[in-house]
Amino acid sequence: MSDSATDRSRETLPAAIQGWDRFWFSPGSTRAAARIRAGLCLITAIYFIGAWGDCTRWLAGDAPFSVNRTSTFLQAAGLENDARWIVSPLFLIDRLFGGHGLVYRAYLLIGIGLCAAVAFGRGRQMACWALWIVFVGWANRLMLLAGVTEILLSLGLFAAAVAPPAAAVGSERRDWKAGFSLRLNAVQITLFAACTIATMLAGSAWWNGLAGYALLAPIEDRTLGIGGPDSIFSQAIVYDLITHGLVIALPIGMLLCWVWRRSWIGPAIVIAWCAVVAILGSHWLYGLTFACLALSIRQDD
């Protein structure tokens with residue numbers, strides 16, 4: 001069917017269906033999609049590099065999350081049936097090679113190599129999907145060690161893999177798959193932000209101001225030494241302002257991202273929210289991933 005015939009057939013559809021079709025399948029900027037994908041690849045590479053030093057301590061040999069100990073824990077907790085849905089090639093590799101530390105580091109090297117290949121447009125679409133599979137395989141192997149960052153990265157990499165590879169498109173080309181990729185990431189991060197806002201509003205710590213102080217709690221593992229009883233952040237007025245500022249900033253920022261897509265006010269507010277969470281709680285990868293995905297809402301260059 002020709003493009004003109006397709007357009008005429010779409011015009012006969014109800015307005016709601018036309019709007020749905022236009023939102024998801026209208027062309028988007030391949031350049032914008034490539035930037036979001038490159039940002040996610042950089043974050044994923046940092047994630048893999050950060051896991052390099054800890055992988056043997058947690059997973060190899062007789063470590064706390066080795067296959068044998070994990071299996072014993074799941075059986076004792078009666079979670080064997082639930083664990084069957086957690087799929088990872090590393091479980092099979094563990095069985096074959098006995099959970100040797102070199103296997104995990106080789107796996108991480110493959111992931112880092114795929115991050116570089118996808119970011120620079122190498123490997124075509126296959127490399128994009130391979131990176132997503134490798135990352136999900138690693139996150140599933142971590143099981144209880146995996147958290148919110150892994151969820152966001154897996155969702156973002158999946159949506160980013162839909163867009164055409166950077167090497168296959170020109171800098172100004174618009175493609176429906178690029179548009180679908182951007183909008184899928186935009187919807188995903190919006191739903192995640194809505195859940196985050198609901199969680200904050202449901203917790204008393206976000207009403208009485210203690211949540212800002214709680215972000216500083218793990219002093220021993222902090223990236224920046226800004227915690228402690230003598231810190232300015234331990235003063236009631238400071239963490240009250242930070243706490244209520246975080247609650248207010250996220251919904252306002254996300255709303256402005258959708259209402260004023262050509263303005264940087266909304267994205268700037270969301271990025272500032274991510275920066276505060278990252279600095280106070282040392283949640284750097286979470287903040288970077290959230291900010292990167294929020295930028296996908298700006299669909300038009």
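# A tour of the predicted chain

Of the 301 residues in the protein chain, 44% count as buried. The model is predicted.

**Ser29.** Select residues 28–29, which form strand S1, and pick out Ser29 there. Is Ser29 buried or exposed? Ser29 counts as buried because its relative accessibility is 6%, below the 20% cut-off. Now show the side chain of Ser29 together with the backbone of the residues that follow. The Ser29 side chain reaches the backbone nitrogen of Arg31 at 3.3 Å. A polar atom of that side chain also lies 3.1 Å from the backbone nitrogen of Ala32.

**H7 and H8.** Next select helix H7 (residues 89–97) and helix H8 (residues 101–119). Their axes come within 10 Å and cross at roughly 145°, and the crossing is right-handed. Which residues make the contact? On the H7 side they are Pro89, Leu90, Ile93, Asp94 and Phe97; on the H8 side, Val103, Tyr104 and Tyr107. By class, the contact has seven nonpolar residues, one charged residue and no polar ones. To read the spacing along a helix, recall that an α-helix has 3.6 residues a turn, so residues three or four places apart point the same way.

**Thr196.** Move to helix H11 and select Thr196. At 14% relative accessibility, Thr196 counts as buried. A polar atom of the Thr196 side chain lies 2.9 Å from the backbone oxygen of Phe192. Leaving aside residues up to four places away in sequence, Thr196 touches Leu250, Trp273 and Tyr286.

**H16.** Follow the contact from Thr196 to Tyr286, which is one of the buried residues of H16. Select the whole of helix H16, residues 284–294. How many of its 11 residues are buried? Eight are, and the helix is mostly covered. Besides Tyr286, the buried residues are Gly287, Thr289, Phe290, Ala291, Cys292, Leu293 and Ala294. To see what covers them, display helices including H3 (30–52), H10 (148–162), H11 (176–202), H14 (236–259) and H15 (265–281). The tour ends with H11, the helix that holds Thr196, shown among the cover of H16.

Notes
Residues are numbered from 1 along each chain as its sequence is written. This is a predicted model: local features need pLDDT of at least 70, side-chain atom pairs count only at pLDDT 80 or more; totals for chains, interfaces and linings use all residues. Side-chain values use heavy atoms; hydrogens and water are left out. Helices (H or I, at least four residues) and strands (E, at least two) are DSSP runs, numbered from the N terminus. Buried means under 20% relative accessible area, exposed over 50%, partly exposed in between (1.4 Å probe, protein chains only). A polar contact is a pair of N or O atoms within 3.5 Å; within protein, one must be able to donate a hydrogen and the other to accept it, and residues adjacent in sequence count only if both atoms are side-chain atoms. Axes are lines fitted to C-alpha atoms, for helices over the stretch in contact, and angles run from 0 to 180 degrees between N-to-C directions. A crossing is left-handed if the near helix is turned anticlockwise from the far one by less than a right angle, and right-handed if clockwise. Contact means heavy atoms within 4.5 Å. Ala, Val, Leu, Ile, Met, Phe, Trp, Tyr, Cys and Pro count as nonpolar, Asp, Glu, Lys and Arg as charged, and the others, Gly among them, as polar.
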